[in-house]
Amino acid sequence: MVNCYFCEKKSRESWGGYWCEDCRKIKNILNIYGVEESLAILESVCIRNEEQRKRKINYEKKKIISKNAEKELAESTDLYEKKIQNKKS
Ligand SMILES: [Zn+2]
């Protein structure tokens with residue numbers, strides 16, 4: 001089967017058609033909302049500019065750091081409590 005003209009990845013729905021099933025659905029959406037509005041939606045929702053990507057990366061880094069800090073705090077608290085228990089016994 002020949003590949004879809006749009007995504008160039010999936011097989012076309014039929015020999016006479018040009019699109020795969022997914023791309024035909026995308027094409028139908030474009031026909032309903034119009035190319036300009038659909039493109040504006042994709043650009044505003046799906047495409048992140050450099051500043052937005054940096055903010056997301058920093059946010060994810062902070063999440064990892066705070067998770068590690070919580071884990072280290074829990075481990076050091078456990079260690080401290082074990083030392084106290086050992087001194088009592
Ligand atoms: Zn396709």
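The expected span of a helix is taken as 1.5 Å times one less than its number of residues. In this predicted model, helix H1 has 13 residues and reaches 19 Å from its first C-alpha to its last, which is close to the 18 Å expected at 1.5 Å a residue. A corresponding check on helix H3, which covers residues 50–88, gives agreement as well, because its 39 residues should span 57 Å and its end C-alpha atoms are 57 Å apart.

The protein chain is divided into domain 1, comprising residues 1–47, and domain 2, comprising residues 48–89. The centres of domain 1 and domain 2, taken over C-alpha atoms, are separated by 44 Å. A separation between two individual residues can be set beside this value: Lys-25 and Leu-73 lie 48 residues apart in sequence, and their C-alpha atoms are 51 Å apart in space.

Helix H1 (residues 21–33) packs with helix H2 (residues 35–45) at an angle of about 115°, and the axes of the two helices are 6 Å apart. Since angles from 65 to 115 degrees count as roughly perpendicular, H1 and H2 are therefore described as roughly perpendicular to each other. On the side of H1 the contact is made by Ile-29, Leu-30 and Tyr-33, while on the side of H2 it is made by Val-35, Glu-37 and Ser-38. When these residues are sorted by class, the contact of H1 with H2 contains four nonpolar residues, one polar residue and one charged residue. H1 is followed by Gly-34, a residue whose phi is positive, near 90°.

A positive phi is also found at Glu-8, where the value is near 60° in a residue other than glycine. Most residues other than glycine have a negative phi.

Definitions and conventions: Residues numbered from 1 in each chain as written. Predicted model: local features only at pLDDT ≥ 70, side-chain atom pairs only at ≥ 80, totals over all residues. Axes fitted to C-alpha atoms, helices over the stretch in contact; angles between N-to-C directions. Helix = DSSP H or I, 4+ residues; strand = E, 2+ residues; numbered from the N terminus. Parallel < 35°, antiparallel > 145°, perpendicular 65-115°, else oblique. Contact = placed C-beta atoms within 7 Å. Nonpolar A, V, L, I, M, F, W, Y, C, P; charged D, E, K, R; others polar. Domains from an automatic or database assignment.
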